[in-house]
Amino acid sequence: MFKAEDTNVLGSMQLTVEELQNIKVALDESSILAVTDQRGVITMVNDRFCEISKYERDELIGQDHRLLNSGYHPKTFFKEMWRMIGSGKTWQGEICNCAKDGSSYWVQTTIVPFLNSRGKPYQYISIRTDITAQKNIGEMIHIAHHDDLTGLPNRRQLMKDLKTLIEIEQHPFALMLFDVNRFKNINDGLGHHVGDMFLVEIAERMKTLNNPFMTFYRLSGDEFICILKKPALLEKAALDLQAQFKRQFHLNDHTFYASISVGAVNYPEHGQSAQDVLKYADIAMYEAKKSNHKGFVIYRKQQRFSHNQMLTLETRLHHAIKNQAFELYYQPKVNLRTNEIDGMEALIRWFDDELGFVPPDQFIPFAEEFGLLSDISEWVIAQAGLQVMEWNEQFNLNLRVAVNISPSHLKADNFIERLNMILQLHDISPCALEIEITEMSFLDQNSDLLSTIKQLKEMNITLAIDDFGTGYSSLSYLKKFPIDALKIDRSFIHEMYKNSADVAMVSAIITLARALSLKIVAEGVEEYEDIQLLRGFNCDFVQGYYYSRPLNVEDFTKRLVEKGIYVE
C-alpha cells in the first residue's frame with residue numbers, strides 16, 4: 001500500500017519498495033500505522049489505527065489528521081512538528097487525539113519523512129503506540145502529588161523533591177517558607193469561600209513570577225513553600241514574592257490588601273536533611289513575624305546557640321577587638337575599559353584560636369547585637385585606610401578602598417566625629433576612602449541621615465550604594481542624597497547571560513545610573529559572557545572571581561607589582 005518512487009530515502013538509509021512493504025507488515029501487528037502524502041492527506045491506515053480511532057478505513061482515507069484533533073495541543077505544537085518533518089527530519093512526541101465517539105486517547109508518535117532524489121519529502125509514515133493507560137496512571141500520580149485547591153505541588157511532592165535535591169543531586173538551594181499575615185481574619189470575616197478564592201489567587205500570582213529557578217508548593221492552610229535552585233537570588237526572590245501581595249485583591253465583591261512573613265534557609269549551610277531545612281525555615285518565619293525585618297528573615301545558625309555559647313562568642317569578640325585579631329582581605333575593583341585595578345573592597349576575616357574561622361555573616365550580626373560593631377568598623381576603616389595609603393605611595397597610584405558601614409553605625413550620633421578622628425590620627429586622606437551603604441540604610445530617609453551623608457561628601461569621601469536592587473526603599477533617594485556610585489547586587493550578575501530578566505534589569509540600572517551621572521560597579525562577576533554583556537552596557541567597574549578572589553595584603557601587593565593587568 002506504500003506509495004514510493006524507485007528509491008526512497010529514510011534518514012541515511014535507502015529502501016526499496018519491497019523493503020518498505022516488509023516494514024509495513026512487521027509494524028501492522030503491533031503499531032498504529034498511517035501514511036500521508038506531502039500535504040498530510042491520509043493515504044493508508046492499518047487495522048490498529050481504525051481500532052483506536054473508532055473510524056472506518058474509508059472514513060479516514062482522503063482526510064487529514066485534523067479529523068483527530070482533540071484541541072489539547074496549541075497550534076504552535078503542530079506548526080513546529082510540520083516545520084521539522086517538512087525539512088526532512090524525523091519528529092517524535094506525544095499526541096492527544098480524539099476518537100470518533102469523542103473520547104480522548106494518547107499516542108507516542110514517530111513521523112518519518114520519505115525523501116525524493118532532490119531531498120524533499122513526498123510522503124510521511126507515522127508509527128504510533130497507545131500510551132493512554134500510562135497517561136491515566138500519570139494523571140493519578142499527579143493528583144496524589146498536587147493540592148486539589150490551588151493545583152500547586154503538595155507536601156508529598158515537596159518531600160520527594162527535597163530528598164532528590166539533598167540525597168541525589170546534592171546541589172545547593174534556598175528554601176522559603178511563608179504564610180499570610182492575619183489570614184484568619186480574611187477566612188472568618190469574609191467567609192471560607194472567599195478564603196479559598198484568596199488561596200487560589202495567591203497560587204496564580206506565584207505562577208506569574210515565571211522564574212525558572214523557583215518551584216512553589218502549598219504546605220497546608222495558608223502556608224506555602226518556595227524552593228529556589230539559585231541561592232544567590234534569595235533576597236531578590238523574596239522581594240519579588242512580597243511584591244505580589246502589594247497589589248489589591250478583588251474577590252467576590254471584596255477588595256483588600258494582604259502581606260506575608262517569609263522565613264528562609266540555605267542548604268547545606270542550615271541543615272543536612274529535609275526535616276532540618278523545614279524546621280529552621282519555620283523558626284525564621286516566626287522570627288520575621290515578631291521582629292522588624294519587613295517580613296523577611298534568613299535563618300542564622302546562631303539562633304541555635306546556647307546561652308553559654310553566646311557568652312563565649314561575645315568574650316572572644318571582645319578579645320579579638322582588644323588584640324586586633326582580625327585580618328583584612330582585599331578584592332580588586334577592575335576598570336572594564338583598561339582591565340586594570342582601580343580600587344578594592346576591604347573584607348574582614350576572623351580566625352579565632354578557640355573558635356577557628358568564623359565567617360563574617362556569622363559574627364557580624366552578633367557584634368551588632370553585642371554593641372561591638374562600631375568598634376570593629378572603626379578598626380577596618382583605620383587598617384584599610386593605612387594600607388591603601390601605603391600602596392598609593394609605593395606604586396604612585398590613586399586608589400580608593402571601599403569599606404562597608406552598617407545602618408546602625410552610620411546613624412550613630414558621633415559617627416562623623418569618630419570618623420574624622422580616625423582619619424586625622426592615622427593621617428589618612430579622605431579621598432582614599434569609599435564608604436559603602438546598603439540600600440536598607442535609606443528605609444528611614446530622615447534629616448539626620450541626609451545631614452550625615454552631606455558631611456561625608458564635604459569631607460571628599462566617595463559614597464556608594466551597596467547591593468543595589470535588593471532594597472525596599474523608593475528610588476527617590478537617588479536624587480535626594482549625594483551618591484557617587486551604585487554597586488549592582490551579585491544576584492543580578494551571577495550567570496546573567498543565562499537569564500533575560502537579569503539582562504534587562506542590569507541594563508535598566510546602568511541606564512538609570514548614566515542619567516544620574518553615577519558610576520556603576522557590578523559585583524559577583526564570574527563568567528566571561530557576563531563581562532561581555534557588561535561591556536556592551538558600558539559598565540564602569542567590576543568585582544568578582546572572574547578577575548580575582550579576595551586577597552591578603554601580600555597577594556594583593558603582587559597584583560599591583562604586575563600593574564593589575566588581567567588576560568581574558
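Q: Which strands make up the open sheet, and in what order?
A: This is a predicted model. In it, 5 strands form an open sheet, ordered β9-β10-β8-β13-β14. The pairing is mixed.

Q: Which strands stand at the edges?
A: β9 (214-220) and β14 (296-298). Each has a single partner strand, so one side of each has no neighbour in the sheet.

Q: And how many degrees are neighbouring strands turned against each other?
A: 20 degrees on average, with direction ignored.

Q: Back to β9. How many bridges join β9 to β10?
A: There are 6 bridges between β9 and β10 (residues 223-228). The two strands run antiparallel. Look at Arg218: its bridge partner in β10 is Phe224.

Q: New topic. What do β3 and β4 form?
A: A hairpin, with 4 residues between the strands. β3 covers residues 32-37 and β4 covers residues 42-45. They pair in the antiparallel sense over 3 bridges.

Q: Which residue stands opposite Met44?
A: Val35 does; Met44 is in β4.

Q: What about the turn? Which residue there has a positive phi?
A: Gly40, with a phi of about 95 degrees.

Q: Which residues other than glycine have a positive phi?
A: Gln324 is one of them, with phi near 50 degrees. Gln324 lies in the loop between α11 (307-322) and β15 (326-335). Ser517 also has a positive phi, about 60 degrees, although it is not a glycine.

Q: Where is Ser517 found?
A: In the loop between α19 (500-515) and β22 (519-522).

Q: Is Ser517 buried or exposed, and why?
A: Exposed, because its relative accessibility is 65% and the cut-off for exposed is over 50%.

Q: Which residues does the cis peptide bond join?
A: Tyr267 and Pro268. Omega is about 10 degrees there. Pro268 is in the loop between β13 (260-267) and α10 (274-290).

Q: Let's do helices. At what angle do α7 and α8 pack?
A: About 135 degrees, with their axes 6 Å apart. α7 is residues 183-190, and α8 is residues 192-208.

Q: Zoom out. How many helices and strands are in the chain?
A: The chain has 21 helices and 23 strands. It has 568 residues, and 48% of them are buried.

Q: What share of the contacts join residues at least 24 apart?
A: 62%, among contacts between residues at least 6 apart in sequence.

Q: What is the mean pLDDT of the chain?
A: It is 83, and 88% of the residues reach 70 or more.

Q: Which elements have the lowest and highest mean pLDDT?
A: Strand β1 (residues 8-10) has the lowest, at 39. Strand β18 (residues 400-404) has the highest, at 95. Over residues 1-17 the pLDDT is below 50. That stretch has 36 contacts in the model beyond near neighbours in sequence.

Notes:
Residues numbered from 1 in each chain as written. Predicted model: local features only at pLDDT ≥ 70, side-chain atom pairs only at ≥ 80, totals over all residues. Heavy atoms only, no water. Pairing = 2+ DSSP bridges. Buried < 20%, exposed > 50% of the residue type's maximum accessible area, 1.4 Å probe, protein only. pLDDT = per-residue confidence, 0-100. Contact = heavy atoms within 4.5 Å. Axes fitted to C-alpha atoms, helices over the stretch in contact; angles between N-to-C directions.
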